[in-house]
Structures are given as C-alpha cells and as structure tokens.
Amino acid sequence: MVSSLAAIVLAAGRGSRSGAGSPKQFRLLGGQPVLAHSIEAMRRHDRIDRVVLVVPPGGIDEARTLLGADAKGLTIVEGGETRRLSVRNALEALAAGDSTPSHVLVHDSARPGLPSSVINRLIAALEAGAAGTMPVLPVADTLITDQDGLSGDTVDRAPLRRVQTPQAFDFPAILTAHRDWSAPDEPTDDAQMLRALGHDIALVEGDPRLDKITYPGDHERMERQLGAAMSVRVGLGFDVHRLVAGEDLWLGGVQIPHSHGLFGHSDADVAIHALVDALLGALAEGDIGSHFPPSDPQWRGARSAQFLAFAVERVRARGGRIDHADLTIICEAPKIGPHRDAMRARLAELMGLPEDRVSVKATTTERLGLTGRGEGIAAQAVATISLPERK
Ligand SMILES: Nc1ccn([C@@H]2O[C@H](COP(=O)(O)OP(=O)(O)OP(=O)(O)O)[C@@H](O)[C@H]2O)c(=O)n1
Ligand SMILES: C[C@](O)(CO)[C@H](O)COP(=O)(O)O
C-alpha cells in the first residue's frame, strides 16, 4: 500500500558529456530550467506528497534563485561526488524528517519529459507489492560489440531493455540498500542496488519522452520535442470599473495615489481582472465571474492578486506555462507611466515570470467615451500560454 510517496529529483551532476559548459540541468528548456520540468511534473501528480531536489554542493541558494517562486515548499539538499551519494543524501534527508514516506521515486532531472502516465504505472507496480520498479524500453537497433574499430559479435537484443527513471521503491528497503552498499563498482542506478539485496525489480513500460539529455545535441532535440508537444493558446480579457471618490485605487496589483478609486465587489483592480480573463480564456475555463461570483460575499474587498494566483495555478495544473502577457490600461487619469515599472514587477512576481515577459501599456480615448470623461478605467489584456498536447 503506497500511503505516502516522496520524489527525489537529482540535479547535482556535472553534465560533462553534454559539452555545454555549464551543468545541463540548469540550462533553459522551453523557457524554464531543465530541472524545473521534473519538479513541476512531480508536483502536479496528486499521489506525490513531497519533492526533494538535490543540487551541487554549495548550490542551494543558486537553485532557489533560479527557481524563484517554484522553490517554495521544496526540500533542497546538496548532492555528493557520485549519483549514488546524491541519492543517499536525499534519502537521509527524508529519513530525518518528521514523517518518513512509505515509498520514494528517484528521478534524473536530465530526463525532463516526465509524463504522469509513467508515474501511474510505477505506483500501480508498487501497489501490486513490488519493492522496486522502473520504466524500461526495448532496444530498436542491432547491437554489436566494438573490437578496436571492427565489428565484433552481434548481441541478442531481444532480452535487453533501456532503463529510464523515475525508479520507484519501498522507502525502508532502498534506504537500507544505500546504507549497506559496499561493492567496489559504482552502480549506475538505484534499482541494481536494491536487486543486489535479493529484491525483484518489476519492469513497467517506459516512454520515449523520458530520454535523457546526455550528449551534445540532446538538449536541442528535447527543445524540439517539447515544442512539438505543446500548443500555443492566446486569450483575450477586457474589463471596466467605475471611478468613485473615497475608494482606494488598485491597478496592476499596485496601490496608486489618486483622487478617486475604482468601485467593485473586490478591490476592483481592472487590470488584473482583464489579465485573469485573458488567462482563463486561453485555458477555455470560463471567466473571472464564473470562478469568483460578485454575488458571493467572500470576495467582498478581496485583493485581485488572489484571482490572478488562481488563474496561474490553473495553467500550472494543466501542465502549461505562461509565455507572455500584454496589458493596456485605458484612462485619462491617473498617469500610468510613473507606475508602469512597479506594475510590471508585481504582475511578473504574481505570475512567476521574468519581467521581460510582462508588458504594461496605457492609452487615453482622447477624452471620448466613459474613460475619456473620467467615469471609469478600462483594461484589456492578451495572454499567451503553452499547454501540453497530451499527458
Ligand atoms: N554526483 C551526481 C551525479 C549525477 N547526478 C544526477 O544524476 C542524473 C544522471 O544523469 P547523468 O547523465 O549521468 O548526469 P551527469 O552526471 O550530470 O552527466 P555526466 O556523466 O555527463 O557528467 C542527472 O540528473 C545528474 O544531475 C547527481 O545528482 N549527482
Ligand atoms: C539512472 C539512469 O538514468 C538509468 O538509465 C542512468 O544510469 C544514469 O545516467 P548515467 O549516464 O548512467 O550516469
């Protein structure tokens, strides 16, 4: 019975074979660091309670900076000289915690294309009683031995399998396997360590999307694979609120000193409302009113930042990412220019995006119409998101 499941994401390697100059797991892939893909996939899975990230010695602060808001709730530990020692450090961190998990997944961050279907198959094998299980794929090519540049014998490929991660284990069993390991050869994965103790390792079907970034060119191949597996969606949002005396003015998540404020059920931040509708539109998941009805007293005076946090979470929950947002605020006064940078910074923070992916513009309607007469402020937003085609 898998009562609690932790996930270890390994990112403490040097990536020396990739020839990239810096460790491959920190390079950007599809707009986010390679290691963030696995963390996100683990977090998205509803059976995984806790994620431990393993980073190079001395790299905890750097990893937190790189991940930004995504680092929240992560346990981050330093790795060791070898993959085995990195896994050991993470297992010991879990063992030292208040409640140890019943089972654990061990995954290479260098395999960023982690589908939830593989995690489901591993959990099913654990539920069926396996102490250890791993995803494998058959070998497609003819296999030979290389004898000093000449072909040696052909190897029978029928019983051979390519081993992927995540590998999944009974937690006490894999902890013992690591603590007791004394063989002279360095194991390349954890399943062989558990098998050395006499446990069977159940095989489940792997997935080509899980291929590892190892050699030069692999990163670019993965980038193409990821791009092909994502569809770009564009959403449009529009909102208007009335300007009245005696209200605070909130725009783009920032409070702006002004003679009038916007009237509405929440803080009436018209810019955020347009942005939330743009994100929900891109997801085709209704609009702000359907999720936060004005008739519901709990949203009276609410900060609109929480509506945006909800929309951002919806994108994440669908396995997507926000690529860009562009806002236009339409009013005669106040002047938006002096507050533009603060709004960009706040909106970027709320969406977990770099500022160069958030645009805030302003215009007037040449004193025409309701915004021209100063009766209200309008905002329109366009959001671009990428969503996975298949899970
Ligand atoms: N001391 C180590 C070595 C490896 N890893 C991780 O284990 C996975 C194994 O993949 P591999 O391709 O072997 O990674 P590297 O060791 O980084 O690559 P290389 O052997 O080319 O240096 C990677 O996610 C890597 O970051 C780790 O956490 N700690
Ligand atoms: C654990 C592993 O991903 C299984 O295939 C692999 O062995 C780790 O990478 P390495 O290239 O063997 O170090």
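Predicted model: local features only at pLDDT ≥ 70, side-chain atom pairs only at ≥ 80, totals over all residues.
Residues are numbered from 1 along each chain as its sequence is written, and chains are lettered from A and ligands numbered from 1 in the order in which they are written.

Let's start with the overall picture. The protein chain has 12 helices and 19 strands, where helices (H or I, at least four residues) and strands (E, at least two) are DSSP runs numbered from the N terminus. Its C-alpha trace spans about 85 × 50 × 35 Å along the principal axes. Of the 391 residues, 40% are buried; a residue is buried if 20 or more other C-beta atoms, placed from the backbone, lie within 10 Å of its own, exposed if 12 or fewer, and partly exposed in between. Take contacts between residues at least 6 apart in sequence: 72% of them join residues at least 24 apart. Contact here means C-beta atoms, placed from the backbone, within 7 Å.

The largest nonpolar core has 54 residues, and Ile 8, Val 9, Leu 53 and Val 54 have the most contacts inside it. Such a core is a set of buried Ala, Val, Leu, Ile, Met, Phe, Trp, Tyr and Cys residues joined through C-beta atoms within 7 Å. Leaving aside residues up to four places away in sequence, Leu 53 touches Val 9, Ala 11, Ile 39, Ala 63, Leu 74 and Ile 76. A second, separate core has 43 residues, including Leu 280 and Ala 378.

An open sheet of five strands, with mixed pairing, runs in the order β16-β13-β19-β17-β18; strands pair if DSSP finds at least two bridges between them. β16 (260-263) and β18 are the edge strands, each pairing on one side only. From one strand to the next, the twist averages 25°, with axes fitted as lines to C-alpha atoms (for helices, over the stretch in contact) and angles between N-to-C directions running from 0 to 180 degrees. Helix α11 packs on this sheet, touching β17 and β18, and its direction makes about 140° with that of β18.

Follow β17 (residues 321-330) both ways. It pairs with β19 (residues 376-388) in the antiparallel sense over nine bridges, whereas six bridges join β17 to β18 (residues 358-363) in parallel. In β18, the bridge partner of Asp 326 is Ser 359. The chain crosses from β17 through α11 (residues 340-351) to β18 in a right-handed β-α-β crossover: with the strands pointing away from the viewer, the path from the first strand over the helix to the second runs clockwise.

Finally, some backbone details. A cis peptide bond joins Ala 333 and Pro 334, with omega about 0°, and Pro 334 lies in the loop between β17 and α11. Asp 148 counts as exposed because it has 5 C-beta neighbours inside 10 Å, whereas Ala 268 is buried, with 25 other C-beta atoms within 10 Å.

Key. Contact = placed C-beta atoms within 7 Å.
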